[in-house]
Amino acid sequence: MRQFSSFIETLKTIKSNSAMMAIFVLSMSLSQVTRAEEKLPFLTFSPPSYVTSIQTRSSNFVGVDEADMSFVVFVGEINNVDSNGVHPVQFSLPSADYFVVDYDPTLTSLNGRNVSNADWEYSSVGGNHTFTYKGNGGIFPGNTYSFVGVNATFVRPQREEVTLQVDLDPSAGGQVSSPRPSDSDVLYY
């Protein structure tokens, strides 16, 4: 594979002489390479991809009207590509009548796990508890992960069965697809 940087330097040198000469060198250089990604390496597209998992300490609330149900959410990038800085890495939990969230941005540990709550911003709007990555200037680094600790209280609901679910934003960080965009835990009571 040829170094694209040496080609750029050649163009810079020739540019001062003549625009026509630069076009000629460009067409000659591109005709000499054989693989598509060597011809146009800047067109190779490798988006980030995020996975998530919800980790509850307990999902059994049988005979309890109200109890601690704090949990940790894992978010990780698996393609070794940084987020694009345009679409924030974001996940949400549907608001529900069976739990109340008390988010603490200073929390560093929950359920025996180190968490990075300071890197996440919490909001509760439109029927969702939403968490947006703000660490590292909003750029979620590729091939890294973060745990978010959520202090929550279980409140016995009126219906028969409930599911605690976390959902990644479909375009989180510029991703095109995710092998695991959501995760859930069934709560028993």
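How many bridges join strand 8 to strand 9, and in which sense do the two strands run? In this predicted model, strand 8 (residues 120-125) and strand 9 run antiparallel and are joined by six bridges. Two residues lie between the strands of this hairpin, where Gly 126 takes a positive phi near 65 degrees. Strand 9 also pairs with strand 4, again in the antiparallel sense, over five bridges. Five of the six residues of strand 9 are buried, and the strand is mostly covered.

| Residue | Partner in strand 9 |
|---|---|
| Ser 92 | Thr 130 |

The largest nonpolar core has 28 residues, and Met 69, Phe 71, Val 75, Phe 91 and Trp 120 have the most contacts inside it. Among the elements that give two or more residues to this core are strand 1 (50-56), strand 3 (71-77), strand 4 (90-94) and strand 9 (128-133). Phe 91 touches residues including Val 75, Trp 120, Thr 130 and Phe 131. Another core, of five residues, lies apart from the largest one, and Leu 107, Leu 110, Val 115 and Phe 147 are among its members.

Gln 175 is in the loop between strand 11 (162-168) and strand 12 (182-187). Gln 175 counts as buried because its relative accessibility is 6%, under the 20% cut-off. A polar atom of the Gln 175 side chain lies 2.8 Å from the backbone nitrogen of Tyr 50. Gln 175 also touches other residues, including Pro 47, Pro 48, Ser 49 and Asp 169.

Note on methods:
Residues numbered from 1 in each chain as written. Predicted model: local features only at pLDDT ≥ 70, side-chain atom pairs only at ≥ 80, totals over all residues. Heavy atoms only, no water. Helix = DSSP H or I, 4+ residues; strand = E, 2+ residues; numbered from the N terminus. Buried < 20%, exposed > 50% of the residue type's maximum accessible area, 1.4 Å probe, protein only. Polar contact = N/O pair within 3.5 Å; in protein donor to acceptor, adjacent residues only side chain to side chain. Contact = heavy atoms within 4.5 Å. Core = buried A, V, L, I, M, F, W, Y, C linked by side-chain atoms within 4.5 Å. Pairing = 2+ DSSP bridges. Lists of a residue's contacts leave out its neighbours within four places in sequence.
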